[in-house]
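This report concerns a ligand site and the pockets of a protein model. The structure is shown first, and the description follows.

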Amino acid sequence: MKKNIALIKGDCSSPEIVAQAVRVLDKIAEKYGHEFIYTDVDMGGAAIDKYGDPLPQHELDKCLASDSVLMGSIGGPKWEGLPGPQRAEKGLLRLRAGMGLYSNNRPAKIWPQLSAASPLKDSIVNKGIDFIIVRELIGGVYFGDHKTVTLDSGEKQAIDSMPYSEHEIERIGRVAFDTAMKRNKKLCCVDKANVLDTSRLWREVMHRLCEEYPEVEYSEMFVDNCAMQICKNPSQFDVIVTENMFGDILSDEASEITGSIGMIPSSSLGDTTCGLYEPIHGSAPDIMGQDKINPIATILAAAMMLRFSFDMPAEADDIENAVSAVLDKGLRTADIMSEGCTLVGCIAMGDAILAEL
Ligand code: IPM
Ligand code: MG
């Protein structure tokens, strides 16, 4: 198969991990007789430096014309002082919205080889951690009005609004119920319905969907309690559905309990198979250029792209098995290092994964 991949190399340490993911994809293409054609796209800090805009329309157009987008991560201290609309992160938000990617799928799954890297007690980890956060990605407070006004008293006041309409909730709800149907048929809606109107509307819409999915065991939990339950008893979760900002926060927490945020990929999809695949971690400016960053999350994001957008499940399995084999051999980047293992850099981790393919 021939596929056009828009490639966002990203900022700071990110080009180092994207380079390893591309090597893996090229090996897969060779092994299975596919052709992957890459088009470089500037977004985030790189685009600010080049065009003074974190996502110019011509770069978004390249993504829209692709079969899918693979990216590392963007942003860094260099661009941090910029006003809201010009920030590197705004490029990512405009990309998600511009591609209509309302559904962000973030798995929290412990690799048995990495259980020692989890900060949780063995007694909790041994019960298993394997759930998915289905995060609404292009609504809520991220996309509501943001403004700072000066009151009559001279004091400044900032306002961020959090709008959700029924159709936005319904479409992400469907993704979540469908995801649960393919897994253990348990879905938990995480919200703040004791305080927020948006959460109460979420519940109303979810209750309507429940009738269409009678096999799914549906439950509800307040987000503060969920943050606690994720460290206390993570094995209770199968699929979590939640709004944009809650999903952002909980997915960082969920990744940490599995050992390292450096291991977790994510997919973002809308109504078509053209998606965006990225690690959930940041651009690691502190270790830039040192060959220390863990490339596994981005390599697994590439595997997710093959599985969900290109319908290449065998190829995706191949990559995931290669990662598992390398972990079995005890190779570890610094973020997942534990006693008795062998410390390797980003390129050597890429080499080892390639060798297993
Ligand atoms: C993420 C990131 C982004 C988000 C930032 C970079 C805007 O934290 O993908 O989780 O908040 O969505
Ligand atoms: Mg985040």
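A residue is taken to be near a molecule if one of its heavy atoms lies within 4 Å of it. In this predicted model, the residues surrounding ligand 1 are E89, R96, R106, R135, Y142 and D248. By class, this shell holds five charged residues, one nonpolar residue and no polar ones.

A polar side-chain atom of Y142 lies 2.6 Å from an oxygen atom of the ligand, and one of R135 lies 2.8 Å from a ligand oxygen. For D248, an N or O atom of the side chain is 2.8 Å from an oxygen atom of ligand 1. Taken alone, the ligand exposes 320 Å², of which the protein buries 77%.

## The pocket of the ligand

Ligand 1 takes up the space of the second largest pocket, which contains about 620 Å³. This pocket is lined by 30 residues, with I74, E89, L92, R96 and D248 closest to its centre. Two or more lining residues come from each of α4 (88-98), α9 (244-257) and β12 (276-279); α4 gives the largest share, five residues. The lining comprises twelve nonpolar, eight polar and ten charged residues.

## The largest pocket

The largest pocket has a volume of about 960 Å³. Its lining consists of 28 residues, and N105, I132, M304, R307 and F308 lie nearest the centre. Elements giving two or more residues to this lining include β4 (103-109), β5 (130-136) and α10 (296-308). The lining divides into 15 nonpolar, six polar and seven charged residues.

Conventions. Residues numbered from 1 in each chain as written. Chains lettered and ligands numbered in written order. Predicted model: local features only at pLDDT ≥ 70, side-chain atom pairs only at ≥ 80, totals over all residues. Heavy atoms only, no water. Polar contact = N/O pair within 3.5 Å; in protein donor to acceptor, adjacent residues only side chain to side chain. Areas by Shrake-Rupley, 256 points an atom, 1.4 Å probe, with all protein chains shown as cover. 1 Å grid on protein atoms, 1.4 Å probe; cavity = no way out; pocket = protein on both sides within 12 Å on 5 of 7 lines; lining within 4 Å. Sits in = over half its atoms within 2 Å of the grid points. Nonpolar A, V, L, I, M, F, W, Y, C, P; charged D, E, K, R; others polar. Points joined across faces, edges and corners; volume = space filled by probe spheres on them. Helix = DSSP H or I, 4+ residues; strand = E, 2+ residues; numbered from the N terminus.
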